[in-house]
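I opened my notebook to record what I looked up. The entries follow in the order I made them.

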Amino acid sequence: MKLKTNLLGKAYAFRDVKDVLAKANELKSGDQLAGIAAESAQERVAAKVVLANMLVCDVRNNPVVPYEDDEVTRIIQDDVNERIYDEIKNWTMAELREYILDDARTAADMQRLSRGLTSEVVAGVCKLMSNLDLMLGAKKAVVTAHCNTTVGLPGTFATRLQPNHPTDDPDGILASVMEGFAYGCGDAVLGLNPVDDSLASVDRILRMFHDFRNKWSIPTQICVLAHVTTQMEAVEKGAPSDLIFQSIAGSQLGNEAFGVTAQMLQDAKDLMASKGTSTGPNVMYFETGQGSELSSNAHHGADQVVMEARCYGLAKRFSPFLVNTVVGFIGPEYLYDSKQVTRAGLEDHFMGKLTGISMGCDACYTNHIKADQNDIENLAALLVAAGCNYVMGIPHGDDIMLMYQCTGYHEAESLRQLYGKTAIPEFEDWMVATGLIEAGTRKLTKRFGDASIFLS
Amino acid sequence: MYQENEVKDMVRAALSELLAAQGAAAVSPSRPGQAAGRGSATAVEEGFVPDVTAVSTKDEFHVPDPANREGYLAMKRSTVGRIGVWRAGPRYNTWSMLHFRADHATAQDAVFTDVPDEFVASQGFVAGQSLCTSKDEFLTRPDLGRQLDEETKAKFARELPKGAKVTIMVADGLSSAAMVNIPDIVPAIKQGLKGYGIDVGPIPYVKYGRVGSMDEVGQITGSDVVCLLIGERPGLATGESMSAYLAYQPNPDRPESWRTVVSNIYAGGTAPAEAGAHVATIIKKILDERVSGVDLSL
């Protein structure tokens, strides 16, 4: 392994693999804040050159957090299929990139490859990819998952219906639920971020969702995104939940900041197997986002792309139904502007798919970042082109509880029309049966967008 | 002293002047005739097209022929979420789309516009600055926004009283528009404290300041309580929201949980005069109990 290169007549030397990975990253304000970013555009390219020459085994054998110190590293390393790894360990990272982009590659090839990779290798190859590379690579890595329905099938594109309300008012939540389903949203999941994280609140909302879904025979999944322990308590007591949600980080320290351990996630999955309402086998839902480790000082000096990839390595252990990065939520000190948010969204989707998880994206922005609704529509369109399993759907893109903006209810059908996609098959049939779209032509009816059809 | 309304007008005027100078808010009527085709000039009428933000999103309803109109309107009363907005094909209705963009513009202008120096001077603040030298640096370097620059440290040490019971301070934070609350909230806090026999001295102001800047002010002044009034990260259409952060003998070694927060202070949330009275009672409680944040029993 070499850590030095000459570029344009100038010599560059890097400290170790972690340093190369950080400096090879596309420009991110979070890496600058952490003091680990390349100091010039040329140094960034020099790091990419050094990285491209490294072997897969060099990258695997130098995890950014030591195996002994961190359970996330242990999970990632222990879950590697050593036979598949042996086939690729002496490839250069450049060869790995070109293997992925080779047009002979099938979805089965990608699935097999993913089992031989660690998260550092996934992040490393991501840093050698342009945006279009990321899209094309992700599109080949088809990942489906089944809970009550199947997400991620080629030709489909789904959304999470996110009916948040600033006081968890049941009528207010239900109003947004009806509006969302009337726009053909919610085939991935109906999932609320509660204000009140208490057991009683979680139980009440889950029952409300369950009743509504049953009344209208909507083929989908339901979930309330409280802390994992609260959801488990609710399920123990008989609350009807199809999925258990948790935010996760790419290091043990980062997960401690969220109040979770790998054991807790395993317990949640086991509980769902015995007491969940869904068919399964995929019953977990995770959210992630570049920069969260740095914000809790749990990044171990590593860059935010490699820490994000490690979230996916952890997630994979639990065979999740859904994983999404919340890509523009964290603020401009981690992702400065729409260009960085767009790049991060494409990176995260690619890395998730290459890891082998059912990947979606909350394409979003806060009000103190240089981005607007146009930027987020752009990102959503790029993601669907890249085969992204789902994005969010909220009323007119305005989340009145989390105080940020993301993709609105209207985006779901717009993107399906743009790319000739359908909803998840069972949900698509339900849309026809409910009279939202015409069979065959998919033409929108006058009921499409009228939430009051659910008032009877 | 200025009257309250005058100050509010001054803030608004100064902000809009600044915007106009940047070319962002310049509204000029289209020139008649020049671009009209086939020789027939379009007559320019007097008057304004309706303000798309005049009707609140709660009352905005565009569904042309709903299955249940009354029921739909009742649904709208249960949430401020933008529902009942209808569509053009699969896309947004023009009016709800423009309303949304106007609301986002309000938020963006609140974040990316600086508080005018004239406003700071008009309030008699002792003006200082964090280590940030631009809005961009402020947004990307929260660590620098928590620290005062050397000149400001010296100025605050020179001009602020030592060992005061209470220091009120102001920082722009993430919203310049939040400064409209200052002329209401500051007198309300002072009046409340006067009721407890506590006088407040000069008010330091930190440009490009984050919440943590109150720790250095606490260190420099040795005040028992520092009360920081700071612009919040705007929500859509709520650019004027302000928070009050309170801490007993703050310094940079205290944890975040040492701060007590009163948030959502603006005309559409907790009215600034009302919030000021509330803040004064919390300050008294902090002084009595000599703790703040999670340790304070409210």
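I began with a term: a crossing is left-handed if the near helix is turned anticlockwise from the far one by less than a right angle, and right-handed if clockwise. I also noted that this is a predicted model, where local features need pLDDT of at least 70, side-chain atom pairs count only at pLDDT 80 or more, and totals for chains, interfaces and linings use all residues. Residues are numbered from 1 along each chain as its sequence is written, and chains are lettered from A and ligands numbered from 1 in the order in which they are written.

**Entry: a helix pair in chain A**

I looked up α9 (residues 119-126) and α18 (residues 338-355) of chain A. Their axes come within 10 Å and cross at roughly 135°. That makes α9(A) oblique to α18(A). Angles under 35 degrees count as roughly parallel, over 145 as roughly antiparallel, 65 to 115 as roughly perpendicular and the rest as oblique. The crossing of α9(A) and α18(A) is right-handed.

Next I listed the contacts (C-beta atoms, placed from the backbone, within 7 Å). From α9(A) come Ser119(A), Val122(A), Ala123(A) and Cys126(A); they meet Glu347(A), Phe350(A), Met351(A), Leu354(A) and Thr355(A) of α18(A). The residues of this contact divide into six nonpolar, two polar and one charged.

**Entry: where the chains meet**

How many residues of chain A are in contact with chain B? I found 36, in contact with 35 residues of chain B. The elements of chain A that give two or more residues to this side are α2 (29-33), α11 and α20 (409-419). α11(A) gives the most, with six residues.

I then turned to α2 (residues 69-77) of chain B. Tyr72(B), Met75(B) and Lys76(B) are buried there. They cover an arc of only 100° around the axis, which puts them on the same side of α2(B). A residue is buried if 20 or more other C-beta atoms lie within 10 Å of its own, exposed if 12 or fewer, and partly exposed in between. The buried residues of α2(B) pack against α11 (170-182) of chain A. The face turned away carries the exposed residues Glu70(B) and Arg77(B).

A cis peptide bond joins Gly280(A) and Pro281(A), with omega about 10°. Pro281(A) is in the loop between α15 (262-275) and β9 (284-288) of chain A.

Leu8(A) is not a glycine, yet has a positive phi of about 50°. I placed Leu8(A) in the loop between β1 (4-7) and β2 (10-13) of chain A. Leu8(A) counts as exposed, with 8 C-beta neighbours inside 10 Å.

Notes. Helix = DSSP H or I, 4+ residues; strand = E, 2+ residues; numbered from the N terminus. Arc of directions from axis to C-beta. Contact = placed C-beta atoms within 7 Å. Axes fitted to C-alpha atoms, helices over the stretch in contact; angles between N-to-C directions. Nonpolar A, V, L, I, M, F, W, Y, C, P; charged D, E, K, R; others polar.
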